[in-house]
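Please keep the sequence and the model in view while reading.

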Number of protein chains: 2
Amino acid sequence: MIQPLRIEVICTGDEVLTGKIVNSNYSYIAQKLEDHGFTVQRGVTVGDDRAALLAAFREAGVRSDAVIVNGGLGPTVDDLSQEVAAQAAGVGLELHEPWVARMEAFFTARGRVMPENNRKQALLPQGSEVLDNPVGTACGFALTIGHARFFFTPGVPRELFRMLEGEILPRLLQRAGAPGVIVLKRFHSYGLGESHVDQMLLGLEALVPEGRLKLGFRAHYPQLETKLTMRARDAAEARRLLEPAEAEVRARLGNFILAEDNQTLEGVVLELLKAQGAALAVVEDFTGGQIAARLAPQPGAEAVFRRGIVGRSLADVMAALNLNGAQPGLTHSPELAADMARAAREQTGVSHALAVLVALEGTQEDVSLTGSIHLALAGPEGVLTRRSRLAGGREWVRLGAVEMGLDCLRRHLQGLPLKEKTDFEKEPPR
Amino acid sequence: MIQPLRIEVICTGDEVLTGKIVNSNYSYIAQKLEDHGFTVQRGVTVGDDRAALLAAFREAGVRSDAVIVNGGLGPTVDDLSQEVAAQAAGVGLELHEPWVARMEAFFTARGRVMPENNRKQALLPQGSEVLDNPVGTACGFALTIGHARFFFTPGVPRELFRMLEGEILPRLLQRAGAPGVIVLKRFHSYGLGESHVDQMLLGLEALVPEGRLKLGFRAHYPQLETKLTMRARDAAEARRLLEPAEAEVRARLGNFILAEDNQTLEGVVLELLKAQGAALAVVEDFTGGQIAARLAPQPGAEAVFRRGIVGRSLADVMAALNLNGAQPGLTHSPELAADMARAAREQTGVSHALAVLVALEGTQEDVSLTGSIHLALAGPEGVLTRRSRLAGGREWVRLGAVEMGLDCLRRHLQGLPLKEKTDFEKEPPR
């Protein structure tokens, strides 16, 4: 069984301390640790200040088993991590020649000469263990201060991510008496709330013995991420143990799973369209181009996303599609969306056209605002429609409508039913 | 002169500690304090855990003068702030009857009966001073623990914001020996980097005696926020002292100022269009509907934003505008953008049409990717064009192109020149 390590995360830097930038590195580190079965006990933020850093390092060295320090490894004078770490550990600094050579090679490869002040990045506290940084010049290192093992990491996100994954997590697992690997499997869904999915997956953890499988969630409306973490001797064993659990999640969440791991909904939709040799046009009113905007900037989108048609009022959308918008009593309806999708498909020569129309019910600018969504999808086999109501204010209705539009497209391209009741939908007004 | 208070911010809650949510409340609090002349010395994050909370409160009570605690005031069992605060202060809890009455009225006004567990929210440590929460049921309070004055605030952002502004900042200013007010003035610009603007505003703080004016920045690409904070006896004095400084900023940053205070670029553009009785159509390729998507969902946009035309390739945009896309050697150019803007204006019957075309130079998926932007604006007086190059990868080019499009529209509607060299632009390739 994994030993509960007392872990602390110390984030350094004036920009983070003063709130000029939101501290997303912290949440990244904490989530990554959670995914591997660890729990952070405390997060601390201090500025680029010698006394504050020293106090934070010393306190953490008393109270914790492992400490991850983020930031302060750069070449400038306000980067103090190595210096204060040495002071806290009661050792001197020494130049790490192999790292100087690494940095020089790094600059040479880019056709530049290393500036003199970069040498500072290779000055490490005596007795440090180097943590490799394959994507930058900041040298990570591990060092014992007081009772705790400290891991010093760069503030640049992609350098931090690589070092955490490749250098620090294996060492933490080793320290926790759980050598081996943790493999993470993620499922993304739309339409089911966290507590509902939690209920649907009841008993899942028990499928794998010895508490090796852990279930977790991360909700970011409108999507929910379901995470399985598996602890095993090696990657092959983890994959083997995960297999039945993954199959179970797929069986229980079924059509609601829209993507897995690093896939995105828009990426999945683009791949499906590409695989079917299809081309797409999108018609929008209230969402104002946001469905198109999820698809169009993706690499390779030019092959399949062909046309976005946006009008702010029904009459404008009708005009854009050369439809008669002057009909008396023109209101939002699935039938109208169907007419539009059909017209967009015919006029632009694409194989598939998606129309998403939203009628806001009321004008209030708060969370009580509700919207009804009228959606149609025209394809080679005909036209399908879906109607729904979402609440939560202007922004939530917009986000929900964009997601529902893309997800209906995904469902259709995968041969799944468009209509399946989600947890976010409201009943139609009486 | 304002006394330097040692201030600490303690954020509580498992969701923040484990990184499930990014701690934007922290950066909001820290920035708000900065805007009022205070500096946070340390940020601490702990979970919903009695021992961790108690330790954090006690330590902060030794090391700080003022402590802002966020979260843990809710009605559920894992909301521990009042209970642990009382323990740390060595006092009991007592029911605050006026707050119970407030909560009951709150529920009654919404046609509901107050659930019994909400009474917990009115259980405050003995000797607490109530901090009003006009928008929720969580009762804020101030209490002395050790050496420091603690201010307990709700985790719900809008409740926190109101309490910080209305209850806590005045008390902190009082404690700092600087009774009076701090007034914040903000300018938003596009196209100038932070260090450039800092240079342009050299000597600004000296315009107001006694160090009462403070200049600050917050960069969120592609926009930069320039902040003036003025300390004064009352709002009238602050406004009077700010006037010449504001005029100076407007004179020095000139046409680059796109909005002030709570205004947004898209909001300013919509207001200008509305005021001129104008209507808008937007033509996009690579930005894929994102210019439209900034404008369309705004309240009142249906009056002015009429049409978005999005095609992923030039041929698709040409087809959407009934232009001849089969011309040999069709490439991105300001002239082509002008043809499109003109066609969009004529075909949709709007007064103004904006066309923003982007040609990516290369296919690499990293920060070396550059894009050239070809922009045209057709209005009643004719067609204007602008050409530019941006670097920084797919996402930065996209964000920059969207911003440049909206900002050119703003400039034109305000009678300013479209072309003014920005810091982000690259020279054309040789």
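Is helix α4 (residues 81-89) of chain A mostly covered or mostly exposed? Helix α4 of chain A is mostly covered, with 7 of its 9 residues buried; a residue is buried if 20 or more other C-beta atoms lie within 10 Å of its own, exposed if 12 or fewer, and partly exposed in between, with C-beta atoms placed from the backbone. This is a predicted model, in which local features need pLDDT of at least 70, side-chain atom pairs count only at pLDDT 80 or more, and totals for chains, interfaces and linings use all residues. Residues are numbered from 1 along each chain as its sequence is written, while chains are lettered from A and ligands numbered from 1 in the order in which they are written.

**Chain A and helix α4**

- Chain A has 13 helices and 17 strands; helices (H or I, at least four residues) and strands (E, at least two) are DSSP runs, numbered from the N terminus.
- The C-alpha trace of chain A spans about 85 × 55 × 45 Å along its principal axes, and buried residues make up 47% of its 430 residues.
- Of the contacts in chain A with a separation of 6 or more, 68% come from residues 24 or more positions apart; two residues are in contact if their C-beta atoms, placed from the backbone, lie within 7 Å.
- The buried residues of α4(A) are A:Ser81, A:Gln82, A:Val84, A:Ala85, A:Ala86, A:Ala88 and A:Ala89.
- Just after α4(A), A:Gly90 takes a positive phi of about 70°.

- The same surface serves both copies, as 100% of the contact residues of chain A recur in chain B.
- The contact takes 48 residues from chain A and 48 residues from chain B.
- On the side of chain A that touches chain B, the elements giving two or more residues are α2 (24-35), β2 (40-46), α10 (290-295), β14 (305-311), α11 (314-320) and α13 (394-413) of chain A. Among these, α2(A) gives the most, with 8 residues.
- By class, this side of chain A has 21 nonpolar, 15 polar and 12 charged residues. Ala, Val, Leu, Ile, Met, Phe, Trp, Tyr, Cys and Pro count as nonpolar, Asp, Glu, Lys and Arg as charged, and the others, Gly among them, as polar.

**Strand pairing across the chains**

- An open sheet of 12 strands with mixed pairing runs in the order β6(A)-β7(A)-β8(A)-β3(A)-β1(A)-β2(A)-β2(B)-β1(B)-β3(B)-β8(B)-β7(B)-β6(B); two strands pair if DSSP finds at least two bridges between them.
- β6 (129-131) of chain A and β6 (129-131) of chain B stand at the edges, each with a single partner strand, so one side of each is left without a neighbour in the sheet.
- β2(A) and strand β2 (residues 40-46) of chain B run antiparallel and are joined by 4 bridges; here A:Val44 stands opposite B:Val44.
- β14(A) and strand β14 (residues 305-311) of chain B pair in the antiparallel sense over 5 bridges, and A:Gly311 stands opposite B:Arg307 in β14(B).

**Nonpolar cores**

- The largest nonpolar core has 126 residues, and those with the most contacts inside it are A:Met340, A:Ala341, A:Ala355, B:Met340, B:Ala341 and B:Ala355. A nonpolar core is a set of buried Ala, Val, Leu, Ile, Met, Phe, Trp, Tyr and Cys residues joined through C-beta atoms within 7 Å.
- A second, separate core of 112 residues includes B:Trp99, B:Cys139, B:Phe187 and B:Leu242.

**Backbone features**

- Most residues other than glycine have a negative phi, and most peptide bonds are trans.
- A cis peptide bond joins A:Tyr221 and A:Pro222, with omega about 0°; A:Pro222 is found in the loop between β10 (213-220) and β11 (223-232) of chain A.
- In chain B, a cis peptide bond joins B:Tyr221 and B:Pro222, with omega about 5°.
- A:Asn322, which is not a glycine, has a positive phi near 55°. A:Asn322 lies in the loop between α11 and α12 (334-348) of chain A and is exposed, with 9 other C-beta atoms within 10 Å.
- B:Asp261 has a positive phi of about 50° although it is not a glycine. B:Asp261 is found in the loop between β12 (257-260) and α9 (265-275) of chain B.
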